[in-house]
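Hello,

Here is the structure I promised to pass on. My notes follow below it, so please have a look and then read on.

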Amino acid sequence: MDPSQQNERHELAVRMAELARAIATPRALDQVLRDVTEAAVELIPGADVAGVLLVKKAGEFESLADTDGLAGQLDKLQQDFGEGPCAEAALQETIVRADDLRSETRWPRYAPAAVQLGVLSGLSFKLYTADRTAGALNLFGFEAGVWDTEAETIGSVLAAHAAAAILAERHGEHMQSALSSRDRIGQAKGIIMERYDVDDVRAFDMLRLLSQEQQTKLVDIADRVIETRGVGD
């Protein structure tokens, strides 16, 4: 390996380490994903635009961390046409590579539309996120034939960083939701204990039985009990 290649590899390793430290620092998800997409454009030759696509359970597309606005337009085309590399990577394949969209046959409607926007190549990486959300890190090039094995390797590492950030936020949301549910159930128990002069265990049993009888989540029953506070007291 010549000195210039050694220097490039060293700079890449340093940049990856910086990115890993940045992602490990608690920050907003949007900022973390923007660090990832900006790093993709910086580190991967031929990547002129980058963005993250999330496909939610209902099929809704959400574009995040678009480096210049074009990635969001391309995501919208894929949602409208029901085809394209980003959605395919998010929902099915691990890596989807398009070297020349001018001759691409997999997406007969999307490919010509992307070419009209000046995009000739694409590289998408599946994000392993959550059971209700699929995602992909997407790179776009204004030239054809720009991707190689190194581009796929670096992109895969960056995709792992993005996925970790998304999972961390989802975990935080779930924890916050669980804490909120626990608080509401505790509040409902307190109301039942005071209103019917029962202890903590009996109050919870009453909530549980109501939940089973009405086939309704326990926290929803708790919300209804809270709403009745002051009614008939």
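Helix α7 (residues 200-214) and helix α8 (residues 218-227) pack with their axes 9 Å apart, at an angle of about 110°. Axes here are lines fitted to C-alpha atoms, for helices over the stretch in contact, and angles run from 0 to 180 degrees between N-to-C directions. Because 65 to 115 degrees counts as roughly perpendicular, α7 and α8 are roughly perpendicular to each other. On the α7 side, the contact (heavy atoms within 4.5 Å) includes Phe 204 and Leu 207; on the α8 side, Ile 221 and Val 225 are among the residues that make it.

This is a predicted model: local features need pLDDT of at least 70, side-chain atom pairs count only at pLDDT 80 or more, and totals for chains, interfaces and linings use all residues. Residues are numbered from 1 along each chain as its sequence is written, and side-chain values use heavy atoms, with hydrogens and water left out.

**One exposed glycine**

Gly 145 lies in the loop between β5 and α6. Its relative accessibility is 56%, so Gly 145 counts as exposed (over 50%).

Best wishes

Conventions: Helices (H or I, at least four residues) and strands (E, at least two) are DSSP runs, numbered from the N terminus. Buried means under 20% relative accessible area, exposed over 50%, partly exposed in between (1.4 Å probe, protein chains only). Angles under 35 degrees count as roughly parallel, over 145 as roughly antiparallel, 65 to 115 as roughly perpendicular and the rest as oblique.
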